[in-house]
Amino acid sequence: MGDHAHGPAKGLSRWLFTTNHKDIGTMYLWFSFAMFILGGSFAMIIRAELFQPGMQLVEPGFFNQMTTLHGLVMVFGAIMPSFVGLANWMIPMMIGAPDMALPRMNNWSFWILPPAFLMLASTLFMEGGAPGFGWTFYAPLSTTYAPPSVTFFIFAIHILGLSSIMGSINIIATVMNMRAPGMSYMKMPLFVWTWLITAFLLVAVMPVLAGAVTMMLMDIHFGTSFFSAAGGGDPVLFQHIFWFFGHPEVYIIILPAFGVVSQIIPAFSRKPLFGYDSMVYATAAIAFLSFIVWAHHMYTVGMPIAGELFFMYATMLIAVPTGVKVFNWVTTMWRGSLSFETPMLFCVGFLILFTIGGFTGLMLSIAPADFQYHDSYFVVAHFHYVMVAGAVFSMSAAVYYWLPKWCGRMYNETMGKTHFWISFIGFNITFFPQHFVGLAGMPRRIPDYALQFADFNMMSSIGAFIYGASQILFLYNVVATIVSGKPVSDDKVWDGAEGLEWTVPTPAPYHTFEVPPKIDPAHAHT
């Protein structure tokens with residue numbers, strides 16, 4: 001670092017040693033997009049194989065490696081780092097802080113990610129190939145029967161968990177200690193609130209995941225029997241530990257998405273967010289409830305009926321605060337002066353599709369019904385309506401919304417809307433038919449299937465290729481904007497497709513928060 005004596009660092013060292021929250025946020029966002037493309041290419045292999053019944057392109061073992069890596073790369077490499085990048089960029093600016101509280105740790109928490117994912121991806125080239133035990137890596141499949149590369153997988157999980165914990169501590173320290181004077185907690189933008197709550201969730205559950213993979217490591221290399229019934233252990237114990245991390249994890253992924261949508265909908269409705277306080281409490285309620293519902297992923301392991309009943313009712317309860325949020329977003333739009341630029345399109349798409357995902361989740365929460373749905377494609381459909389339509393759509397909205405602020409240039413609105421419609425249509429063609437094949441009995445994570453599922457699978461695959469192609473359009477639009485987009489002025493970020501410039505409306509609760517300008521008495525007369 002000594003660069004600062006001779007002006008700002010140049011070239012590679014600027015990015016390697018930066019402590020600037022905007023640079024770090026930018027690196028997170030580009031890294032996560034690279035992982036999104038990698039994880040998406042794994043999904044393309046999966047869908048290409050399932051285009052027809054029978055084995056076409058890959059061996060069943062390699063197919064399993066693809067399903068495993070697709071899930072891991074998308075969850076830990078694409079979605080989570082993208083929202084951390086958003087947090088790095090926006091939170092200091094939203095609360096009036098000069099930077100993150102712990103800038104050096106911020107740098108480190110990013111730079112340990114690329115080596116971790118390089119190591120995870122490199123398992124594809126190791127003896128025995130990448131792990132093929134699914135992204136949930138259930139024991140004993142991941143301990144007794146795993147390829148040698150599982151050790152590298154465990155190390156990679158540890159590193160990305162460390163990154164998440166450091167990033168979260170940083171966000172908590174920043175929000176709690178660095179708000180501008182006058183910005184009380186209940187005046188913070190909702191994106192800041194959702195991330196503060198998410199950060200506490202991460203700090204609570206990441207060590208649980210670390211514990212699970214450490215016990216795996218012990219079972220594999222050190223002769224313990226945590227998950228081996230032969231040595232007095234219990235394979236179901238692994239599922240309890242994994243899902244105690246895994247269920248809060250899905251809310252860690254979706255809560256920042258809620259924050260994004262809560263910033264964008266008021267802006268394009270030209271009115272403050274309806275029910276700010278209830279949104280904060282609903283977010284906190286969701287976070288609390290996420291800890292007491294983990295075993296709804298495990299109805300079929302032979303739980304006592306009382307346990308099934310508890311987890312069923314607790315899970316159904318999450319629909320209440322989530323419903324509060326959806327109604328508040330709709331009410332914000334109600335009788336607003338709406339305009340449907342690209343960020344708003346993605347938010348409305350989010351609203352419709354995430355709600356469908358919520359309803360199928362409610363179906364899955366019902367214990368006796370879940371015995372039919374469990375491990376079928378219905379679960380895949382539900383999960384992607386929440387993850388893709390929830391996290392990825394809101395992330396796309398966030399990029400379109402804030403890109404002019406980040407680089408001072410306006411993206412191509414027509415291309416943005418085209419990206420939205422191709423994504424929206426491709427997504428639904430991909431995942432809606434999976435509800436049907438799932439209810440008809442098609443199991444998930446299989447490389448081949450019975451003939452009666454052929455038509456819907458072909459539809460799914462075509463939709464997946466359409467959806468994948470739309471992301472290339474997105475990449476082109478973002479790069480073209482940064483390189484040669486039309487410059488925007490400070491007060492007029494949005495230049496709509498009709499050529500009408502309009503000042504970005506200030507959504508609540510910003511309007512309650514003003515720092516009076518400092519006036520030097522000596523120059524008061526000027």
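Helices here are DSSP runs of H or I at least four residues long, and strands are runs of E with at least two, numbered from the N terminus. Please keep in mind that the model is predicted.

**The chain as a whole**

Counting secondary structure gives 16 helices and four strands. The C-alpha trace spans about 85 × 50 × 45 Å along its principal axes. How does the radius of gyration sit with a compact globule? For 526 residues such a globule would have a value near 24 Å, and the chain has 24 Å, so the two agree.

Buried residues make up 54% of the 526. The chain exposes about 21,800 Å², and carbon and sulfur atoms supply 70% of that area. As for charge, there are 19 positive and 24 negative ones, and their mean positions are 12 Å apart.

In soluble globular proteins, nonpolar side chains tend to be buried together. In this model the largest nonpolar core has 158 residues, and the members touching the most others are F76, F137, F153, W195 and W329. Which helix gives the most to this core? That is helix α3 (residues 60-95), with 20 residues. Another core, of five residues, lies apart from the largest one and includes L364, A369, F378 and V379.

Setting aside residues up to four places away in sequence, W329 touches F258, V261, S262, I265, L273, M279, F350 and L351.

P321 belongs to helix α11 (residues 319-333). Is P321 buried or exposed? Its relative accessible area is 8%, and buried means under 20%, so P321 counts as buried. Beyond its neighbours within four places in sequence, P321 is in contact with A282, A285, I286 and L289.

| Pair | Separation in sequence | C-alpha to C-alpha distance |
|---|---|---|
| P321 and W402 | 81 residues | 27 Å |
| G182 and Q471 | 289 residues | 41 Å |

Methods
Residues are numbered from 1 along each chain as its sequence is written. This is a predicted model: local features need pLDDT of at least 70, side-chain atom pairs count only at pLDDT 80 or more; totals for chains, interfaces and linings use all residues. Side-chain values use heavy atoms; hydrogens and water are left out. The radius of gyration is taken over C-alpha atoms; the globule rule is 2.2 Å times the number of residues to the power 0.38. Buried means under 20% relative accessible area, exposed over 50%, partly exposed in between (1.4 Å probe, protein chains only). Accessible areas come from the Shrake-Rupley method with a 1.4 Å probe; for residues, only the protein chains shown count as cover. Lys and Arg count as positive and Asp and Glu as negative; His and the chain ends are not counted. The place of a charge is taken as NZ of Lys, CZ of Arg, CG of Asp or CD of Glu. A nonpolar core is a set of buried Ala, Val, Leu, Ile, Met, Phe, Trp, Tyr and Cys residues joined through side-chain atoms within 4.5 Å. Contact means heavy atoms within 4.5 Å.
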